[in-house]
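The entries follow in the order in which I looked things up.

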Amino acid sequence: MKKALTIAGSDSSAGAGIQADLKTFAAHFVYGVSVITSVTAQNTKGVIAAFDLPKDFVKLQLEAIFTDIDIDAVKIGMLSSKEIIEVVSCRLKYFKARNIVLDPVVFSKNGFKLLKDEAIKTLYDELIPLCKVITPNIPEASLLAEMEIKSIDDIKLACKKILSFGCESVLIKGGHFDSDDVVDILFDGKDFYYFKGKRINTKNTHGTGCTLSSAIAANLALGYDVPYAVEKSKEYIQGAIENSLNIGLGFGPLDHFYLFK
Ligand SMILES: Nc1ncnc2c1ncn2[C@@H]1O[C@H](COP(=O)(O)OP(=O)(O)O)[C@@H](O)[C@H]1O
Ligand SMILES: Cc1ncc(COP(=O)(O)O)c(N)n1
């Protein structure tokens, strides 16, 4: 059985973070393991507070996994601080981790900061160069590329700028654009690939970014190349949003297991 690791924050309402990632791995029949960076008190209405684990304890979890289990792919989500990014980058390099997918989570849907401002430079310098794919949404891509993004041409320019930080490919997600189709654009330094879905009119979009990036990691673990892994993951997220669940008072979670019903 293929094995994937998620390095991310815990979401007590299980719509995003570690919990969404493990459900996504399971739905792809990939054995999922986790390293928790931060514990959030969170529900469908938003993040209330976050408690970061000490960096040495993040390191211990990484060592526990990599000294025992041969990991086929890694998904990285909430990292919170510079210290945690440093320890994660250093251990991933040391253990020669492969198929690394980074969702550079900066804000939750209710605007809670999940990455401190001073950590962004460390993300560029230490972690992005290790990644096979990075998956920013429009606000995150805008922050990383230091430019406004208002059009498809802006997305393509932002892809080029982000790729120059040393990752193998960039997928900029179009969920935050106001359009009938939701288009995600992948750039691998050579070609642009367009992944189009119909916009679903729902408020239940808690964990869409987490779920897409862990589906990509699961598909890389299964041996697919990046464009095909993204294509399959986009189909999966479209169905998971279409079948999303009316749980809680705010942004409800996705149905990770809709394919089995
Ligand atoms: N309303 C929607 N209808 C269809 N697809 C969506 C919708 N919202 C987001 N997506 C898709 O979900 C994935 C996550 O996108 P996005 O919401 O932009 O990321 P994030 O959760 O990081 O803000 C992307 O593949 C995007 O195209
Ligand atoms: C622990 C944690 N990690 C990430 C997110 C972002 O969620 P989304 O995928 O909806 O942007 C979150 N709300 N909580």
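**Entry 1: helix packing.** I took helices (H or I, at least four residues) and strands (E, at least two) as DSSP runs, numbered from the N terminus. The crossing of α2 and α3 is right-handed, a term for the near helix being turned clockwise from the far one by less than a right angle, with anticlockwise giving left-handed.

I then listed the residues that make this contact: Lys55, Val58, Lys59, Leu62 and Glu63 on α2, and Glu83, Ile84, Val87, Val88 and Arg91 on α3. Two residues are in contact if their C-beta atoms, placed from the backbone, lie within 7 Å. The contact of α2 with α3 comprises 5 nonpolar, no polar and 5 charged residues. Here Ala, Val, Leu, Ile, Met, Phe, Trp, Tyr, Cys and Pro count as nonpolar, Asp, Glu, Lys and Arg as charged, and the others, Gly among them, as polar.

**Entry 2: basis of the model.** I note that this is a predicted model, in which local features need pLDDT of at least 70 and side-chain atom pairs count only at pLDDT 80 or more, while totals for chains, interfaces and linings use all residues. Residues are numbered from 1 along each chain as its sequence is written, and chains are lettered from A and ligands numbered from 1 in the order in which they are written.

**Entry 3: helix α1.** I found 10 of the 11 residues of helix α1 (residues 17-27) buried. A residue is buried if 20 or more other C-beta atoms lie within 10 Å of its own, exposed if 12 or fewer, and partly exposed in between, with C-beta atoms placed from the backbone. Among the buried residues are Gly17, Ile18, Leu22 and Phe25. The cover over the buried residues of α1 includes β1, β2, β4 (73-76) and α7.

**Entry 4: surroundings of the ligands.** I counted a residue as near a molecule if its C-beta atom, placed from the backbone, lies within 6 Å of it. Of the 19 residues around ligand 2, Gly9, Ala16, Gly17, Ser108 and Gly209 come nearest. At least two residues of that shell come from each of β1 (3-11), β2 (31-43) and α7 (208-221). The shell around ligand 2 holds 7 nonpolar, 10 polar and 2 charged residues.

Around ligand 1 there are 18 residues, of which Asn137, Lys173, Gly175, Thr208 and Gly209 come nearest. The shell around ligand 1 divides into 5 nonpolar, 9 polar and 4 charged.

Entry 5: Which residue with positive phi follows α1? I found phenylalanine 29, with phi near 60°, in the loop between α1 and β2. Phenylalanine 29 counts as exposed, because 10 C-beta neighbours lie inside 10 Å. Glutamate 146 has phi near 50°, again a positive value in a residue other than glycine, and lies in the loop between α5 (138-145) and α6 (152-163). Glutamate 146 is exposed, with 8 other C-beta atoms within 10 Å.
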